[in-house]
Amino acid sequence: MQILPVNRFFSEGEPPVSVRTVANHDVSAMHGHEFYEMVFILQGFTLHSCGGASSILTAGDIFCMPPGTSHAYIATHQTWLYNILFLPAALEACGGGDVLPFYRTPSRARANPVQRQELIPILERLMAEPQTRHAGWQRMVMAKFGELLVLYERIHETTPHLDTSNAHYRQLMRAMQYIEGSLNRDILLEEVAAAAGLSPGSLTRQFKLVTGLAPMEYARSQRMAKAAELLKDPAQSVSDVARDLGFSDISVFSRQFKQITGMSPTDFRKNL
């Protein structure tokens, strides 16, 4: 098994944090690393093996692994992600003993659509600061990393326990692929179940074990996450976004968006 060394990703005198994006992440062999790794799935989903257990990571999932953890990406579907690498010194700088226990074992959290939009600017800033290197950039990196840790722990606090020993990964990934390809229209549980090759009842049970959500809850969450992404474009009106996602009635779109995010599309845009 390949072990990725510290000196491959970190340079002496540089901040102990490194962030990059990976578009269309491919499968990978089992490997480990001498540093912490956090992965935030921005789009798509992947079958991930970590410490001998397999789980499906989908858009909105965050997975954190301590040094020495072995993992691999077994299968992927249009997976875009942020890869956050950091050294123990980064945790020490942001809380020391109060923070370290939380990161001693692999941990997983699921961000809702609003939390995803909070995470992205932090991660983008963490990538931009080492590029621009304006005055105080190293302090800014550590400040933003501290924000990331706080947000991750708050997301983790509200994430339900998820089963990592499910035997229906292939069927569930087919269901997720069907949902990902249908974000611009209303879908029924029966058609997702048919695409997965499971009965509606079995799909619902297995889906909740792996994701914490029923299939239709997951579909609405992913659809509204796409809406939140589109609403960031000021050139698109709320009605444009609703139409792009297959809503003929803007009030239905607004109601569903508020149910998922806790605010109306207009209020969400004001808070960007």
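Me: Hi! Where is the place of glutamine 78?
Reply: Glutamine 78 is in strand β7, residues 71-86. Strands (E, at least two residues) and helices (H or I, at least four) are DSSP runs numbered from the N terminus. This is a predicted model, where local features need pLDDT of at least 70, side-chain atom pairs count only at pLDDT 80 or more, and totals for chains, interfaces and linings use all residues. Residues are numbered from 1 along each chain as its sequence is written, and side-chain values use heavy atoms, with hydrogens and water left out.

Me: OK, and what is the phi of glutamine 78?
Reply: Glutamine 78 has a positive phi of about 45 degrees, although it is not a glycine. Most residues other than glycine have a negative phi.

Me: Which residue has a phi near 50 degrees?
Reply: That is arginine 133, also not a glycine. Arginine 133 lies in the loop between α2 (113-132) and α3.

Me: Is arginine 133 buried or partly exposed?
Reply: Arginine 133 is partly exposed, with a relative accessible area of 45%. Buried means under 20% relative accessible area, exposed means over 50%, and partly exposed is in between, using a 1.4 Å probe and protein chains only.

Me: New topic: how many disulfides are there?
Reply: The count is 0. A disulfide is a covalent bond between the sulfur atoms of two cysteines. Here the rule asks for a pair of cysteine sulfur atoms within 2.5 Å.

Me: How many bridges join β6 to β8?
Reply: There are 4 bridges between β6 (residues 61-65) and β8, and the strands run antiparallel. Two strands pair if DSSP finds at least two bridges between them. Isoleucine 62 stands opposite alanine 109 in β8.

Me: Which residues are buried on the two faces of β8?
Reply: In β8 (residues 107-110), Ser107 and Ala109 are buried on one side, and Arg108 and Arg110 on the other.

Me: Last one: which residues of α3 are buried?
Reply: Among them are Trp137, Val141, Phe145 and Ile155.
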